[in-house]
Amino acid sequence: MIKHVEGSNDKHSVFLYTLSTCVWCKKTKQFLLDMGIKYSYIDVDLLEGAQQNKVMSEISAVNPQGGFPTILIDKVKTVVGYQPEAIKEILQ
Amino acid sequence: MENIKSPQELRVFLETNAKDKGYYLNQDTSFVNALLEGLIRNLNRYGYSSCPCRLSTGDYALDSDLICPCRYMENDIQKYGSCFCALYVSKDVYENKKTISSIPESRPKEKNFDVNYSHVSSKTNAKEWKCAVCGYKYLGDNPPEKCPKCGASRKFFK
């Protein structure tokens, strides 16, 4: 379910809530990969039933409007959408 | 939509539909192809090509606002120059090759998290407005400032 992507930069915890079909999600994953940032993600559309509901509740707690990707950095900072500059700034 | 099976067929369908409404598909072909794959995946698993950038429930009544082109598309293009996925862009963005980025989500949060709750009514306020000048049909809560196709002002929308 949760997939891990290795990277040389593991100073921060970076977690992505994504959809397998969403292109802004794909771009965000690619950006993190290019930056060598270690991250984990979960494709919410591939989950079912109670599992999906549970993950959606997690998202609504950090991003009340909803939307993918929702990126949670160090478990406290939320970035929504493909925002390379914002991510760079937080991770610096 | 029943006859559409490949991303190529879907592309032709969406492009024709977009041009008909005065909009364009994103010039970035690989970006568009990735979205087409997502739409086809949704078509195959849900039975309708709902927005690849949002979570569908699999319940047609709940997801009907998300079927591409979604009911937020025209409002978002007016406001940001592109739809949420950046599949559709405005004439201005297309012709002037403007850079597009991720835009805020216009879909109400209650609908985004509908999957969580006991499926509240999925009725929306969007209605179809028709331009009295050129016959253009606009889907939104309110009529547009001006007609995307012929430029007639808001007062001509009924």
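I looked up which residues join the two helices of chain B: Pro7(B), Leu10(B) and Arg11(B) in H1(B) meet Asn33(B), Leu36(B), Glu37(B), Leu39(B) and Ile40(B) in H2(B). Contact here is C-beta atoms, placed from the backbone, within 7 Å; helices (H or I, at least four residues) and strands (E, at least two) are DSSP runs, numbered from the N terminus. The model is predicted, so local features need pLDDT of at least 70 and side-chain atom pairs 80 or more, while totals for chains, interfaces and linings use all residues. Residues are numbered from 1 along each chain as written, with chains lettered from A and ligands numbered from 1 in written order.

I sorted the H1(B)–H2(B) contact by class and noted 5 nonpolar, 1 polar and 2 charged residues. Nonpolar covers Ala, Val, Leu, Ile, Met, Phe, Trp, Tyr, Cys and Pro, charged covers Asp, Glu, Lys and Arg, and the others, Gly among them, are polar.

I then checked the axes (lines fitted to C-alpha atoms over the stretch in contact, with angles from 0 to 180 degrees between N-to-C directions). H1(B), residues 7–20, and H2(B), residues 29–46, come within 9 Å and cross at roughly 105°. The two are therefore roughly perpendicular, a label for 65 to 115 degrees.

Next I turned to chain A. Strands S4(A), residues 70–73, and S5(A), residues 77–80, run antiparallel and are joined by 4 bridges; pairing takes at least two DSSP bridges. Thr70(A) has Val80(A) as its bridge partner. In this hairpin, with 3 residues between the strands, Asp74(A) takes a positive phi near 50°.

Last, I noted that 21 residues of chain A are in contact with 18 of chain B. H2(A) gives the most to the chain A side, with 5 residues.

How values were computed
Angles under 35 degrees count as roughly parallel, over 145 as roughly antiparallel, 65 to 115 as roughly perpendicular and the rest as oblique.
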